Amino acid sequence: MISNLGTLSIFSRVLLMAISLVCLSSQGLANTDDEATETSAPPFPTVHRILKTACGRCHQDGHHRGGIQLNTPLQVNRDAAIILQSIESGDMPYMDPTWNQTAQAQTVIRYLKAVIAQGVDQTELSDP
Ligand code: HEC
């Protein structure tokens, strides 16, 4: 009886360890799916970082070539359709027609398509 209990508790300890390992690893995955997951829309901060590198010098922080600013969710979401078109056509970034084939561009495109599909209510968007 006693030895039976001993085996059981070892077994349940192993089980607990296995469960917590699974929890830990799924947390790890959740943290890295920003740019990896194909289906879900990436969060705005991820998109903003990419736009800063690819478009920032002409469309952020006081620069607004062509009347386009890409600083806030409101600015990006409001013009999502025209921004998407400019990237997919290869017009933007300026003089960089193959940027739309990069993984970063795909992340931005996924975000813009989700915004357009959701038909975001402009009045509910607030700038950070
Ligand atoms: C080197 C500067 C530069 C960079 C980098 C740049 N743009 Fe532009 N962008 C311009 C200029 C200049 C215009 C206005 C002239 C034009 O439409 O060709 C413009 C216009 C636009 C327009 C309006 C197009 C239209 O038809 O009215 C959009 C949308 C746009 N840019 C998006 C982007 C996005 C998204 C990126 C980054 C992926 C980007 N741009 C990177 C210079 C730039």
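Before moving on, a word on what you're looking at. This is a predicted model, so local features need pLDDT of at least 70 and side-chain atom pairs count only at pLDDT 80 or more, while totals for chains, interfaces and linings use all residues. Numbering starts from 1 along each chain as its sequence is written.

**Colour by confidence.** pLDDT is the predictor's confidence in each residue, from 0 to 100. The chain's mean pLDDT is 80, and 62% of its residues reach 70 or more. Now select residues 26–37: pLDDT stays under 50 there, and the model has 7 contacts beyond four places in sequence for this stretch.

**Switch to cartoon.** You'll see 5 helices and 0 strands. Those are DSSP runs numbered from the N terminus, helices being H or I with at least four residues and strands being E with at least two.

**Show the ligand.** Which residues are closest to the ligand? Cys55, Cys58, Arg65, Gly66 and Met92 are, out of 15 residues that surround it; a residue is near a molecule or strand if its C-beta atom, placed from the backbone, lies within 6 Å of it. Two elements give two or more residues to this shell, α2 (44–59) and α4 (80–88), and α2 has the largest share with 5 residues. Colour the shell by class and you get 10 nonpolar, 3 polar and 2 charged residues. In this scheme Ala, Val, Leu, Ile, Met, Phe, Trp, Tyr, Cys and Pro count as nonpolar, Asp, Glu, Lys and Arg as charged, and the others, Gly among them, as polar.

**Into the core.** The largest nonpolar core has 14 residues, and Val47, Ile50, Leu51, Cys55, Val108, Tyr111 and Leu112 touch the most other members. Such a core is a set of buried Ala, Val, Leu, Ile, Met, Phe, Trp, Tyr and Cys residues joined through C-beta atoms within 7 Å. Here α2, α4 and α5 (103–118) each give two or more residues, with α2 giving the most, 5 residues.

**Select Ile87.** Ile87 sits in helix α4. Why is Ile87 buried? Because 20 other C-beta atoms lie within 10 Å; a residue is buried at 20 or more such neighbours, exposed at 12 or fewer, and partly exposed in between, with C-beta atoms placed from the backbone. Leaving aside neighbours within four places in sequence, Ile87 is in contact with Met92, Asn100, Ala105, Val108 and Ile109.

Most residues other than glycine have a negative phi, and most peptide bonds are trans. Zoom to Met92 and Pro93, where the connecting peptide bond is cis, with omega near -5°. Pro93 lies in the loop between α4 and α5. Met95 is in that loop too, with a positive phi of about 65° although it is not a glycine. Met95 counts as exposed because it has 7 C-beta neighbours inside 10 Å.

Last stop: Asp61, in the loop between α2 and α3. Its phi is near 50°, a positive value, and Asp61 counts as exposed, with 11 C-beta neighbours inside 10 Å.

Note on methods
Contact = placed C-beta atoms within 7 Å.
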